[in-house]
Every structure is written in C-alpha cells, then in structure tokens.
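Here is a briefing to read beside the sequence and the model. Keep both in view while you work through the points.

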Protein chains: 2
Amino acid sequence: MMGEMAMEPGAVLAAGMEAMAVSSGVGEVPPGPAQVIPRSLADLVERPLHAHLATVRPDGTPQVNPTWFRFDGEYLWLTTTTRRQKNRNWQIQPAVALSIADPDRPSRYLEIRGRVERIVPDPTGAEFVRLAERYGMPQGPPPDAADRVAVAIRPRRTTTQ
Amino acid sequence: MMGEMAMEPGAVLAAGMEAMAVSSGVGEVPPGPAQVIPRSLADLVERPLHAHLATVRPDGTPQVNPTWFRFDGEYLWLTTTTRRQKNRNWQIQPAVALSIADPDRPSRYLEIRGRVERIVPDPTGAEFVRLAERYGMPQGPPPDAADRVAVAIRPRRTTTQ
C-alpha cells in the first residue's frame, strides 16, 4: 500500500476546520461525493475525458491546466509530481475546481468544486499507469515516477448549464 | 460605440500597481499579447475552440467554466452577463487563466494567464452575436442582452506542454 504524505499545516487545518463546521451542524448528513455529481451528467466523469483543473497560486491568482482523472465514487484521482506548481498551490489553498465538457456537445458541461484531501506518494507511478490505460494510452511507469503523487479531490459542489 | 464600465476600485488599483511595476523596470518593452502566444500554438486561439476560464472567487477558492472567446491580437474577448459570479470574481481579483486544448490531440494545450482590463456594457448583445457566429451557431441577440458585457483579457504569460 502507498503511504500518505503529510500536507502543509495550513492545508490540514483548513480541511479540519471545514470538517468541524459540517459536524457541528444540526445532524444533517452532507451528501456523499457520488450524490454531488448530477446523475444526468455522470457520464462526464465516467468517460475518459480531459478535465481542466483550476488551482490558486500562492499569490492569489488562478492557474488552469488539462488533466487526466478518474472518479472512484468518493474521490477524483489525479497523477502529478511534487515538482509541479499545482502541487504547491493546493498545499496552501486546498480548494480546486474542475471543468469537464462533453466533446460531442460542449455546452453540456460540469464544473466540480472540491478540496484536495489526500496527496499519496506514488513512486512506482501506479496511478499514472492506471490513468494512461483509462485514456487509451497504455504504457509503463513514467521516467519521473520517483516524484509521482496520486492526488485525491473530494467533490463538494457542482455547477452546470 | 459601447461605453466602458468602471471596475471596482480594488481591481483598478491592482491593475495599476502591476503596470507601475513593469514601467519602473530598466526600459525593457514587455512583449505584446500576440507575442505572448507561442506561434506554434496560435491555431488554438484562432480556431473556435472552447476555453476553460478560471477565476478566483471572493473567498479565495477557484471557479472554472467553459467559454467562447476570440483573440483580436491584443485582447481575448468573452461575453457574459453582470449577473454571473465570474463577473463579480474578476472585479475583485482581475487575474484569470484560460486553458485551451486541441481536441484532435488533447496533450497539445495552451494555458494563458492574464488580467481582465475592460468590462464593456453590451446591451445589444453584439459580442454574443459575434461569438455565436464564430462558433458556428449564428443567431440573434440573446434574451439577456440587457445584462450583457463584453470582457477583455490581456494575455501576459502562457504555459504549455
């Protein structure tokens, strides 16, 4: 099993505070991630489409890049490396957003807003290999496997058109 | 001609401060917007592709949505309405980012980071009509024309793969 990488203290605190706010409510159970995704648009997370991932840089300006992803019913999983700017961004601001459009009808889209909750070292590149397979580009571990991390985003809200 | 809408004081100040920082340099002329876009990827702003636009919400979390756009050599122009969240976002944080992927080869993409510099009332929906034509969906002004604005983003930096 892969171990869990400690996040920056600020990120852990922010996530913890949010969780406390939820659990101090009036007993309502917040919807699970799978319920957050509208059923009518669930194909957009099931199909191997590219998501455009927005993160916030330490200076407060946004960044957005296309990314592979998969949804396991709880988390959206990505692969990246510890050397990428986005991996620094979400350790300071764990809130991220993804935009996924239907290539057959681009006005049909899903925006998912959520938080990075887990950054898991992936030195064998297993998440990369898994995603490459999903995206129809089967291949072995990447040359930068030693720096790879698997990143888990918990969906919280969606917007659509 | 369309008039210019005043932005929030904070946004104007932020844009002005950045301009001062540039002009207080050693006399270098910053590259123009057309030079910011790599020639090898210029087709990604010329073709009627959907961009995924990232903005930062007042609470510091990111938002990202697909959008029509056109590039006039200086600005990337969008159409939206004064009622959309993104139109509130960039009046507080004028920095935005767009991700445009080649649908024929999604690993070929361009991220453009820039700033919203102009928000122009467009009560006839002219920018919407122009973009609808560009995107192969010719039509008249939209029902919400009265609230429409044309928004100009100046590209400053790009990243790519």
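Which residues does B:Gln161 touch, not counting residues up to four places away in sequence? The answer is B:Ser107 and B:Tyr109. Touching here means contact: C-beta atoms, placed from the backbone, lie within 7 Å.

This is a predicted model, in which local features need pLDDT of at least 70, side-chain atom pairs count only at pLDDT 80 or more, and totals for chains, interfaces and linings use all residues. Residues are numbered from 1 along each chain as its sequence is written, and chains are lettered from A and ligands numbered from 1 in the order in which they are written.

**The end of chain B**

- B:Gln161 sits in the segment after S7 of chain B. Strands (E, at least two residues) and helices (H or I, at least four) are DSSP runs, numbered from the N terminus.
- B:Gln161 counts as exposed because it has 10 C-beta neighbours inside 10 Å. The classes go by other C-beta atoms within 10 Å, placed from the backbone: buried means 20 or more, exposed means 12 or fewer, and partly exposed lies in between.
- B:Gln161 and B:Arg108 are 53 residues apart in sequence. Their C-alpha atoms are 6.5 Å apart in space.

**Make-up of chain A**

- Chain A has five helices and seven strands.
- Along the sequence, they follow the pattern α-α-α-β-β-β-β-α-β-β-α-β.
- Chain A has 161 residues, of which 34% count as buried.
- Take the contacts in chain A with a separation of 6 or more: 67% join residues 24 or more positions apart.

**The sheet in chain A**

- Seven strands form an open sheet in the order S2-S1-S5-S6-S7-S4-S3 (chain A), with antiparallel pairing. Two strands pair if DSSP finds at least two bridges between them.
- Strand S2 (62-67) and strand S3 (70-71) of chain A are the edge strands, and each pairs on one side only.
- Strand S1 (residues 51-56) of chain A is joined to S2(A) by six bridges, and the two run antiparallel.
- A:Ala51 has A:Thr67 as its bridge partner in S2(A).
- Helix H5 (residues 126-134) of chain A lies across S3, strand S4 (76-81) and strand S7 (148-160) of that chain. The helix runs at about 120 degrees to S4(A). Axes are lines fitted to C-alpha atoms, for helices over the stretch in contact, and angles run from 0 to 180 degrees between N-to-C directions.

**The sheet in chain B**

- Chain B has an open sheet of seven strands in the order S2-S1-S5-S6-S7-S4-S3, paired antiparallel.
- Strands S2 (62-67) and S3 (70-71) of chain B stand at the edges with a single partner strand each, so one side of each is left without a neighbour in the sheet.
- Six bridges link S1 (residues 51-56) of chain B to S2(B) in the antiparallel sense. B:Leu53 stands opposite B:Asn65 in S2(B).
- S3(B) and S4(B) run antiparallel, joined by two bridges. B:Phe71 stands opposite B:Leu76 in S4(B).
- The hairpin of S3(B) and S4(B) has four residues between the strands. In this hairpin, B:Gly73 takes a positive phi near 95 degrees.
- S4(B) and S7(B) pair over six bridges, again antiparallel. B:Thr81 has B:Arg148 as its bridge partner in S7(B).

**How the chains meet**

- A rotation of 180 degrees, with 0.0 Å of shift along its axis, superposes chain B on chain A (RMSD 0.0 Å).
- In chain B, B:Ala54 has the C-alpha nearest the axis, 3.0 Å from it.
- At the interface, 24 residues of chain B are in contact with 24 residues of chain A.
- S1, S2, strand S5 (95-102) and strand S6 (105-121) of chain B each supply at least two residues of the side that touches chain A. The largest share of that side, six residues, comes from S5(B).
- The copies meet through the same surface, because 100% of the interface residues of chain B are also interface residues in chain A.

**The nonpolar core**

- The largest nonpolar core has 60 residues. Such a core is a set of buried Ala, Val, Leu, Ile, Met, Phe, Trp, Tyr and Cys residues joined through C-beta atoms within 7 Å.
- The residues with the most contacts inside this core are A:Val96, A:Leu98, A:Ile100, B:Val96, B:Leu98 and B:Ile100.
- Leaving aside neighbours within four places in sequence, A:Leu98 has contacts that include A:Leu53, A:Ile112 and B:Val64.

Technical notes
Contact = placed C-beta atoms within 7 Å. Least-squares fit on C-alpha atoms with pLDDT ≥ 70 in both.
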